[in-house]
Amino acid sequence: MSRRLVALNLFLRLAVKPRLARTAGPGAAEREFRYLGAQVLRQPPYLRHLARPGGLHWISAGPCLPGKLILYFHGGGYISGSPATHQGLIARLSSLARVEICAPDYPLAQDAPVPAAFEAALGAWQRCLALGYRPDRIVLAGDSAGGGLALALLARLCADGTPPAGVIAFSPWTDLARTGASLRDNAAADPFLPAARIEELCDIVLAGTDPKDPRISPLYGAFPGCPPVLICHSATEILADDARSMAARLREQGAAVTLHEVPDAPHAWPVFDGWIPEARATLRLAARFAQSCLAATSR
């Protein structure tokens, strides 16, 4: 563990986790995430961010290979975050992979209930196809809730027989039924997320929906003909078992899954690129994975 990661974990534990524990509600969470994205999260040079019709944001940093795409879903617990808050992470991944990234601005739970985010994700996929991108030239990706959304979309695409080239998920939230033991076992070890708020968050997001609905909890989905999947998680985060169980579920159905575990990192640590070397290392791994998936389908 780097010294910078030690310092970041201390900052998150002392300043951010207590604040999240007392955040008043979705509106306050959304405002605080927007502030964090603007004031704290770093951005690479030559970042280009174009908002286009249909709520699609095209983000890159440097030259990109034509005809290939990463469709990226931002995190934020379905109640906060946007392509703007995550543009630093997204642009860095684009730069490393040399692939342009499309980031949909999907509706948040307080504005539109389940399955609105999923339907927006499916709509974004369909718009990318309409623009001329082939399914096997698109990699799905996301962090936290966005990682879960990418995997939920994967299940639908596998069922339709039009899977993407691959999927990348950073600390994905995959099980709103809250069956993972890490929610309890890592409650104290997690430096970032307050486990005591997860039940409340699930109630807000689900709004009465079955927590095992695969459109919101992909752990309960089916994945026939699944492409390669990379799942990255921290050993000490409260959602560690969401990642581990998701990997096991995919492997049961014949998928080639790479499960990358980082000890002592905070939840969705790639968003802290520019602050900790562990973030850049994970983004490099993800970039290589995306390149390999896209190269395999281009042969």
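Student: Is Asp264 buried, partly exposed or exposed?

Tutor: First, some ground rules: this is a predicted model, where local features need pLDDT of at least 70, side-chain atom pairs count only at pLDDT 80 or more, and totals for chains, interfaces and linings use all residues. Residues are numbered from 1 along each chain as its sequence is written, and side-chain values use heavy atoms, with hydrogens and water left out. Now, buried means under 20% relative accessible area, exposed means over 50%, and partly exposed is in between (1.4 Å probe, protein chains only). Asp264 has a relative accessible area of 33%, so the label is partly exposed.

Student: Where is Asp264, and what is its phi?

Tutor: Helices (H or I, at least four residues) and strands (E, at least two) are DSSP runs, numbered from the N terminus. Asp264 belongs to the loop between E8 and helix H9 (277-298). Most residues other than glycine have a negative phi. Asp264 is not a glycine, yet its phi is positive, about 70°.

Student: What is the phi of Tyr78?

Tutor: Look in the loop between strand E3 (69-73) and helix H3 (87-97) for Tyr78. Tyr78 is buried, since its relative accessible area is 3%. Its phi is positive too, though Tyr78 isn't glycine, with a value near 65°.

Student: Which two residues does a cis peptide bond join?

Tutor: Most peptide bonds are trans. Go to the loop between strand E4 (100-104) and helix H4 (116-130), where you'll find Pro115. Omega is about 10° at the cis bond, and the pair is Val114 and Pro115.

Student: Which residues is Gln253 in contact with, beyond its neighbours within four places in sequence?

Tutor: Gln253 sits in the loop between H8 and E8, and it's partly exposed because its relative accessibility is 27%. Contact means heavy atoms within 4.5 Å. On that rule, the partners are Gly221, Ala222, Phe223 and Pro224.

Student: Which backbone oxygen does the side chain of Asn186 reach?

Tutor: Asn186 is in the loop between helix H6 (182-185) and helix H7 (198-206), and it counts as buried at 11% relative accessibility. A polar contact is a pair of N or O atoms within 3.5 Å; within protein, one must be able to donate a hydrogen and the other to accept it, and residues adjacent in sequence count only if both atoms are side-chain atoms. Here the distance is 3.1 Å, and the oxygen belongs to Ala235.

Student: How many disulfides are there?

Tutor: A disulfide is a pair of cysteine sulfur atoms within 2.5 Å. The sulfur of Cys64 is 13 Å from the closest cysteine sulfur, in Cys102, so that's too far for a bond. Cys232 has its closest cysteine sulfur in Cys293, at 12 Å, which is also too far. The count is 0.
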